[in-house]
Amino acid sequence: MPDTLDYYKKNTDSMMFAKYQYVLKSYVDADGNVLETDNSDAEKFDMTSLLRRTDEFDEEVSVYGVETDSAYVELKDMDSLKDNEVYISDSFADKYSIKPGDTIKLDAQYEKKTYKFKVKGIYNKSQSIAVFMPIEHFADTFDFADGRFSGFLSDTRIKDIDESNIATTITIRDITKMADQLDHSMGSYMQYFQVLCILLSAVMIYLLTKLIIEKNETAISMTKILGYDNREIASLYLFSTSIVVVISDIISVVLGAKVMDIVWRIMLQTFSGWFSFHMTPVGYAKMFAFVLIGYIIVTVFDFRRIKKIPMDVALKNVE
């Protein structure tokens, strides 16, 4: 989990389609004048929310209407999209296994109305569960007046719109809040899990090698009689075990990552929002090292156990 949260937070800046999303209370002020800004970075957008109904819960989906030549939502062939064609965010596609060409069905929140959209493509710079379409199609789809808009996208702060006209400002901090909360509540436990992983692997390997040595006490005692020293005997019995442990460790790391991916998906299916499971190369190395450390600890005890086996064990069994 730490790798996933770190990846999410570190890459948010490059993934978010605008550093600031200014959502207005209305696109006109109290006098009926359309709100404008002199900020050269500002770009109008429209937005509403629909619901994707599932057996678990109804998830809110943000639907954006953006300029066809948008500087922030860069999508291919936006000006050639048909009325029912849309792009969806990578998070939306990943969570519900949606592919280009599929049809998605979304419901209005406060009225009995259903919208069907054909997915034209996937947009990978939005972490939210979102749909994107040209702002003109947006107005036609939801029967909104031409010229209406919800707010501005911008990479710099907009300072010439009165705060009383701004409903909310969405920033990178707001996007990463969920990851911060998970990291704060569960991240500290990961250190304990790492120690627990080493201890569990050490106990399991110890029990396995203990059985092997106990079953071969007579043979080990005989090799001592024949003149082999403890180091040579340990290499005979522990070398083959080491090979098995390393191979098993590699397999378990790969399988463990796949299982965690499945568990992560199942866990987040019951949450609103989404971010994918990520394992960095360092994460794979740590998983491999934890088991290996456990095995190294066990080999120390196994070597001491071999040293304690007396030569007379073989002679007693012969008698």
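**Close-up views of a predicted model**

View 1. The model is a predicted one, in which local features need pLDDT of at least 70 and side-chain atom pairs count only at pLDDT 80 or more, while totals for chains, interfaces and linings use all residues. Residues are numbered from 1 along each chain as its sequence is written, and side-chain values use heavy atoms, with hydrogens and water left out. Phe303 belongs to helix α10, where helices (H or I, at least four residues) and strands (E, at least two) are DSSP runs numbered from the N terminus. When neighbours within four places in sequence are set aside, Phe303 is in contact with Asn230, Arg231 and Ala234, contact meaning heavy atoms within 4.5 Å. Phe303 and Tyr237 are 66 residues apart in sequence, and their C-alpha atoms lie 9.9 Å apart in space.

View 2. Helix α10 covers residues 281-308, and its 28 residues should span 40 Å at 1.5 Å a residue, which agrees with the 41 Å between its end C-alpha atoms; the expected span is 1.5 Å times one less than the number of residues. Buried residues of α10 include Phe290, Val291, Tyr295, Val298 and Ile306, and also Gly283, Gly294, Thr299 and Asp302. Two packed helices are described by the angle between their axes and the distance between the axes. For α9 and α10 the angle is about 160° and the axes are 10 Å apart, the axes being lines fitted to C-alpha atoms, for helices over the stretch in contact, with angles running from 0 to 180 degrees between N-to-C directions. The two helices α9 and α10 are therefore roughly antiparallel to each other, given that angles over 145 degrees count as roughly antiparallel, under 35 as roughly parallel, 65 to 115 as roughly perpendicular and the rest as oblique. The crossing of α9 with α10 is right-handed, a crossing being right-handed if the near helix is turned clockwise from the far one by less than a right angle, and left-handed if anticlockwise. Sorted by class, the contact of α9 with α10 holds 16 nonpolar, five polar and four charged residues; here Ala, Val, Leu, Ile, Met, Phe, Trp, Tyr, Cys and Pro count as nonpolar, Asp, Glu, Lys and Arg as charged, and the others, Gly among them, as polar.

**View 3. Helix α8 against helix α9.** Helix α8 (residues 217-225) packs with helix α9 (residues 230-268) at an angle of about 140°, with their axes 10 Å apart. That angle makes α8 oblique to α9, and the crossing of α8 and α9 is right-handed. On the α8 side the contact is made by Ala219, Ile220, Thr223 and Lys224, and on the α9 side by Asn230, Ile233 and Tyr237. By class, the contact of α8 with α9 comprises four nonpolar, two polar and one charged residues. Ala219, placed in helix α8, is partly exposed, with a relative accessible area of 32%. The C-alpha atoms of Ala219 and Met311 are 9.8 Å apart, although the two residues are 92 residues apart in sequence.

View 4. Val131 lies in strand β7 (residues 130-134) and, at 0% relative accessibility, counts as buried. Leaving aside neighbours within four places in sequence, the residues in contact with Val131 include Val61, Val63, Tyr87, Ile88, Phe92, Ile104 and Leu106. Val73, found in the loop between β3 and β4, counts as buried at 1% relative accessibility. Residues up to four places away in sequence not being counted, Val73 touches Phe17, Val66, Tyr123, Phe132 and Leu153. Of these, Phe132 is 59 residues from Val73 along the chain, and 8.4 Å separates the C-alpha atoms of the pair.

View 5. Most residues other than glycine have a negative phi. Asp77, in the loop between β3 (58-66) and β4 (85-89), has a positive phi near 55° and counts as partly exposed at 47% relative accessibility. Asp143, in the loop between α4 (135-141) and β8 (151-154), has a positive phi of about 55° although it is not a glycine, and at 60% relative accessibility Asp143 counts as exposed.

Technical notes: Buried means under 20% relative accessible area, exposed over 50%, partly exposed in between (1.4 Å probe, protein chains only).
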